[in-house]
Amino acid sequence: MSVDFQDIYQEFKKYPLKEKIESCPHCELENADSSLHSKALDLLSWDDLQIFIFKSMTTFGDVEDFKHFLPRIFELYVSDYWNAPYDFGLFLSKLEYAKVETWVPQEKNAVMNLYESWVNQLKSAGTEADLEILEDIETGIECFKVQFVV
């Protein structure tokens, strides 16, 4: 069983990459968006996204920018969890900050469906590493208002 990312990319493609992603003028982020423009969305790495993930919507970019990068960020958590620069809780906090509960149903469903697919993959694989990831993400979910229950 593998996780399919096509639906989440399709749902969020309506949020294009902006020519310039706004940032706090006091936070030394003037060229921070250069790595985000360096390659196609589905080729961005943790290194390319690291600053954006941490500062998204607070001092770097807005909700639409977050929605643009959300499919790739989520894909990287699923495919490269242990190399993530931040734990899954940060991603959940960004969903909460973006008020995911107010998003249109199609967007919420795309996020939830991907999460459910990932959890089901982790459960069915049942390896020790997969169960560690499952425990880690479930612990993070308990801390946030984002409602993911599978």
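Visitor: Which salt bridge does the side chain of Lys14 make?

Guide: Lys14 meets the side chain of Glu107 in a salt bridge, at 3.4 Å from N to O. This pair links distant parts of the chain, 93 residues apart: Lys14 sits in the loop between helix 1 (6–12) and helix 2 (46–55), and Glu107 in helix 5 (residues 105–125). A salt bridge here is a side-chain nitrogen of Lys or Arg within 4 Å of a carboxyl oxygen of Asp or Glu. Helices are DSSP runs (H or I, at least four residues), numbered from the N terminus.

Visitor: Good. What should I know about the model itself?

Guide: This is a predicted model, in which local features need pLDDT of at least 70 and side-chain atom pairs count only at pLDDT 80 or more, while totals for chains, interfaces and linings use all residues. Residues are numbered from 1 along each chain as its sequence is written, and side-chain values use heavy atoms, with hydrogens and water left out.

Visitor: Back to that pair, then. Is Glu107 buried or exposed?

Guide: Glu107 is buried, with a relative accessible area of 2%, whereas Lys14 is partly exposed at 46%. Buried means under 20% relative accessible area, exposed over 50%, and partly exposed in between (1.4 Å probe, protein chains only).

Visitor: Which residue does Asp65 pair with?

Guide: The side chain of Asp65 forms a salt bridge with Lys18, again listed with an N to O distance, here 3.4 Å. Asp65 lies in helix 3 and Lys18 in the loop between helix 1 and helix 2, so the pair ties together parts that are 47 residues apart in sequence. Asp65 is buried, with a relative accessible area of 3%, and Lys18 is partly exposed at 25%.

Visitor: And what does Lys20 meet in a salt bridge?

Guide: Lys20 meets Asp33, at 3.7 Å from N to O. Both lie in the loop between helix 1 and helix 2, so this pair ties together parts that are 13 residues apart in sequence. Lys20 is partly exposed, with a relative accessible area of 40%, while Asp33 is buried at 7%.

Visitor: Which residues are joined into one network by shared partners?

Guide: Glu11, Lys14, Lys67 and Glu107 are joined that way by their salt bridges.

Visitor: What surrounds Lys94, then?

Guide: Leaving aside neighbours within four places in sequence, Lys94 is in contact (heavy atoms within 4.5 Å) with Ile53, Phe54, Lys55, Ser56, Met57, Thr58 and Phe66. Lys94 is found in helix 4. Seven of the ten residues of that helix are buried, so helix 4 is largely enclosed by the rest of the structure.

Visitor: What do the buried residues of helix 4 pack against?

Guide: They pack against helix 2, helix 3, helix 5 and helix 6 (128–141). The buried residues of helix 4 are Phe88, Gly89, Leu90, Phe91, Leu92, Lys94 and Leu95.

Visitor: You mentioned Met57. What is its phi?

Guide: Met57 has a positive phi of about 75 degrees although it is not a glycine. Met57 is in the loop between helix 2 and helix 3, and counts as buried at 9% relative accessibility. Lys99, also not a glycine, has a positive phi of about 60 degrees. Lys99 lies in the loop between helix 4 and helix 5 and is partly exposed at 48%.

Definitions and conventions:
Helices (H or I, at least four residues) and strands (E, at least two) are DSSP runs, numbered from the N terminus.
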